[in-house]
Amino acid sequence: MSDGTATTTTDLDVRLEKHRVELTGYCYRMLGSSFEAEDAVQDTMVRAWRSYDKFEGRSSLRSWLYRIATNVCLDMLTAGNKRARPMDLTESTPLAQAALSPRPDHTWLEPAPDTRVLPTTDDPAEAAVAKESVRLAFMAALQQLPPKQRAVLILREVLAWKASEAAELLGTSVASVNSALQRARATLAEQRQPGADAAVSDPLDEEQQKLLDRYVAAFEGYDMTALTELLHEDAIMTMPPFDLWLTGAGDITGFMTTMGAPCAGSRLVPVEVNGLPGFAQYKPDPEAGGFTPWAVQVLEISGGRITGFHCFLDTKRWFPLFGLPLHLEAETDEVEQGV
């Protein structure tokens, strides 16, 4: 390879990489899976690299990459798979009937670190819209849409593409795009997801930060009285990969003191997840000492209370994704989140 070719190749790699985070966010919204999104973007980059000599420049490189990424995602969605939250699959279970029944990984809507799906921006309004568009309730609502309606809604409502731009990308007409957007909006209005009312400021306002500080103190102290004061009366707790979900402070704290009792004495490390406040939970490790990973928690807040308390338990997948250590020493009260 000549120096000139090498330089061109390196330049193309750099130009493609500039779009990786926003493409990952797009594919994540389409697929509902952090890992599938990263696979889809990698496939997009490989396809773009291999076919770049056919790129005629009639559209921007960004638009061309989105077209490739859309096709990759639509191919991945042809099997009709759509990811869900426990509330989409079963009725709420009373504590007295609680049982932990796991379902396969591909069942579940997955969490995503903000840094992997949200590009940095200096525009606070743009940043707020981006965060709202990866929140769990919105992500779950997207999963209810047919794949092409999902693509149209994301392109038009989240990324603010013009109807003509979305039509060109999807190889269809403006009228078809407008019709798909109208149907998608109607579906979302009919199927309002739990957590859709979450009102989390960006950045957190003083009251929200105080609420989180109180939550950390209550959880690490395993103080159920204090925790009850922070939970909305209709708060929801989920624990994928288990399909169990609980409603109300009484059942949530009751679960935590019975089946969840080994979590007493846990440590919480802040994480930025799905545009919402979150924590990596480490519970005591009686065998090795210190603390072992247990869950990535995602909190939904509304009206000064916690309305959603979602625990993703597959720590061997989630903690490396978030750059988190797989062990905390006993004397470590604080840990810096990895990159």
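For exposure I use relative accessible area with a 1.4 Å probe, protein chains only: buried is under 20%, exposed is over 50%, and partly exposed is in between. This is a predicted model, so I note that local features need pLDDT of at least 70 and side-chain atom pairs count only at pLDDT 80 or more, while totals for chains, interfaces and linings use all residues. Residues are numbered from 1 along each chain as its sequence is written, and side-chain values use heavy atoms, with hydrogens and water left out.

**Entry: Asp105**

Buried or exposed, or partly exposed? I get a relative accessible area of 40% for Asp105, which makes it partly exposed. I find Asp105 in the loop between helix H5 (86-89) and helix H6 (114-117); helices here are DSSP runs of H or I with at least four residues, strands are E runs of at least two, and both are numbered from the N terminus. Leaving out residues up to four places away in sequence, Asp105 touches Arg83, Glu110, Asp314 and Arg317 (contact means heavy atoms within 4.5 Å). Arg83 sits 22 residues from Asp105 in sequence, and their C-alphas are 9.4 Å apart.

**Entry: H12**

Which residues of H12 are buried? I list Gln208, Leu211, Leu212, Tyr215, Val216, Ala218 and Phe219. They lie on the same side of H12, because they cover an arc of only 170° around the axis, taken from the directions from the helix axis to the C-beta atoms. On the other side, I see Glu206 and Glu207 exposed. Just after H12, I note that Tyr222 has a positive phi of about 50°.
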